Amino acid sequence: MAEDTRQDKRASFSAITEHNTNGMARTSAVASGKSGASKKLVIKNFKDRPKLAENYTEDTWLKLRDAVGAIQNSTSIKYNLEELYQAVENLCSYKVSPTLYKQLRQVCEDHVQLTESLDNLSFLKRMNRCWQDHCRQTIMIRSIFLFLDRTYVLQNSLLPSIWDTGLELFRTHIVSDSAVQKRTVDGILEQIELERNGETVDRSLLRSLLGMLSDLQVYKDSFEERFLTETNRLYAAEGQRLMQERDVPEYLHHVARRLEEENDRIVSYLDQSTQKPLISCVEKQLLGEHMTAILQKGLSTLLDENRVTELALLYQLFSKVKGGLLTLLQFWRDYIKSFGGEIVCTPEKDKDMVQELLDFKDKMDNVAQSCFTRNEGFINAMKEAFETFINKRPNKPAELIAKYVDSKLRAGNKEATEEELERILDKIMIIFRFIHGKDVFEAFYKKDLAKRLLVGKSASVDAEKSMLSKLKHECGAAFTSKLEGMFKDMELSKDIMIQFKQYMQNQSEPSNIELTVNILTMGYWPSYTPMEVHLPPEMVKLQEVFKLFYLGKHSGRKLQWQPTLGHAVLKAEFKEGKKELQVSLFQTLVLLMFNEGEEFSVEEIRAATGIEEGELRRTLQSLACGKARVLNKNPRGKDVEDGDRFNFNNDFKHKLFRIKINQIQMKETVEEQVSTTERVFQDRQYQIDAAVVRIMKMRKTLSHNLLVSELYNQLKFPVKPGDLKKRIESLIDRDYMERDKETPNQYHYVA
């Protein structure tokens, strides 16, 4: 009869023991109770922990050691991996972890030491294969001993993980061996040198080996230092050699290619940390050590030949080197000063100076923009250099710029459309800004403008006004006030002539000569030397009529006639027929004499016309020796001599009806140039005097140094300290100011 186990409604537990395959005892509790009734389940710990089977630790370790050995020798493992993992877990659970860790480390160490002798055939490849195998094996071993790694090792911060242990053992027993390390690094460096010399190498091998050194944390000490030393040596020698052998453009392209190659090596197989020191090393040896030599040897050539690509490369490379751009900037500034100084200071080039300056400025602007990335420092250096060289030769550039503007604004200039002309004027203004003596420009510009306005030679009133507005914007209203006054005079003269024609129509005796007069305000226009000439009675009478008309409208004014600026249109009859001759007033006086006689000598013409000798010779030359020879000279020749005689050329022929006879007297002579320059200097004296008086009147008392400093701030033209001292002495003599009796360097204003 079976016993009823449900007595007193209490549950009883029985322990059932079953043996697992690994020899461990696993217990399970089976609860029995009354079916259908809800009972509280209570699980209590064993009073005594189950013991490991005898020799379990030794037997399990033997299995694990065999498995590790199989992994290390790349043979098959006899045991199930899950079983091995469970075995490690069981050992760790029974506090065998320290012993297990030491045993595992010892087995791995023994294997690594054995592997040392396997490096004989192709050393690098063998080393790489050893490393790859070692990594694979360590990962496999770690997967079996994962429980150990994540429990015991993790809880002991001083112990390295199984993976780190594998790396440490490989480093200690293989890579740290001086012979092995030397052969490995030597082999890698040899491969890199071969690649630098253009040969193909196995980059994946290099990548793997350098990755190994990096993982083992010996990359920097064992490889990088030697690599950088070798790189330094290689490029130092290469830089020296190629600087001798190659021209600068070729050398720059070589440097750029080398930098590209080294960057490619970093991407392909070198460690990223090597990038900065490696590129710095290449830049230093190929560029930094040769900056001055490169610029001395090639910058001038590159700029002369406008090698834009190479100049851009030069800037790009020098921007990488410490102090590179500053050195380039200095050489660039010196080149501009030297090249520009040659243009300005060579009198033989005066004829083309301004055009060459404009072309040079365009060229340098293009280099600064397209090659030097519009670097502010380079643009400012260019401006400074232009200002320096253009003022090396005082006054002449200012004079030639004024003449250049005249050539562009003069009628007959068919080189440019209005838009092109505007662009040319803008460029001229840029050059004009660099000039210190702007008053010299104003004097010559005013003289040329007067000729254009009076002879009707101006190409375009719009262009003239445009140039005037540019000058006004650049130098202020005071600079252009006289020039604007000249335009006003011309407009007022047109109105006066309309009124004069109406006045003449009401006269009882109308003249057969049509007179046009320009009324010029003396302060606005250049000063002209008055010249008395003998005018025909008809002209004299007409002048008196105009004088009476004008002074009747404007009392208190004085008219002074300027025959040097006069011009006329003469009607002439030749065998071929009637022609009209457009001539100057002096040419008119000479030609009108031939209405009274057939032939005249030079002396007779001078006596009859009253024209000054030099002017008369130029006038006769234009009539008898030029392209349109309306007079015959006897004897023939290019120059007019005292004994020469002239007669009217009745056989004169020309395809045009109105013929303009070139006015030689309109061409500027050396004397005129000198007199214009002297007038500028005289004006400067007055400006200095006025500035001194103005300053002293305001300050009352001032030391010499402070006065000179103030003058430099106010004066707009270059002046020497010695000249200022002379003007101050002159003002003291004229009692505008006086020296202090006790301190001679101090001045007082005299009211």
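Which residues of the largest nonpolar core touch the most other members? Before I answer, please note that this is a predicted model, in which local features need pLDDT of at least 70 and side-chain atom pairs count only at pLDDT 80 or more, while totals for chains, interfaces and linings use all residues. Residues are numbered from 1 along each chain as its sequence is written, and side-chain values use heavy atoms, with hydrogens and water left out.

By a nonpolar core I mean a set of buried Ala, Val, Leu, Ile, Met, Phe, Trp, Tyr and Cys residues joined through side-chain atoms within 4.5 Å; buried means under 20% relative accessible area, with a 1.4 Å probe and protein chains only. The largest core has 118 residues, and those touching the most other members are F223, L270, L314, W332, I336, F441 and Y445. Helix α19, residues 438-454, supplies the largest share, nine residues; helices here are DSSP runs of H or I, at least four residues, and strands are runs of E, at least two, numbered from the N terminus. Apart from this core lies another of 30 residues, including M531, F586, L623 and F646.

Let us turn to the sheet. Three strands form an open, antiparallel sheet in the order β5-β7-β6, where pairing requires at least two DSSP bridges between two strands. Because β5 (599-601) and β6 (631-634) each have a single partner strand, one side of each is left without a neighbour in the sheet. Four bridges join β6 to β7, residues 645-648, and N634 has R645 in β7 as its bridge partner.

Key:
Buried < 20%, exposed > 50% of the residue type's maximum accessible area, 1.4 Å probe, protein only.
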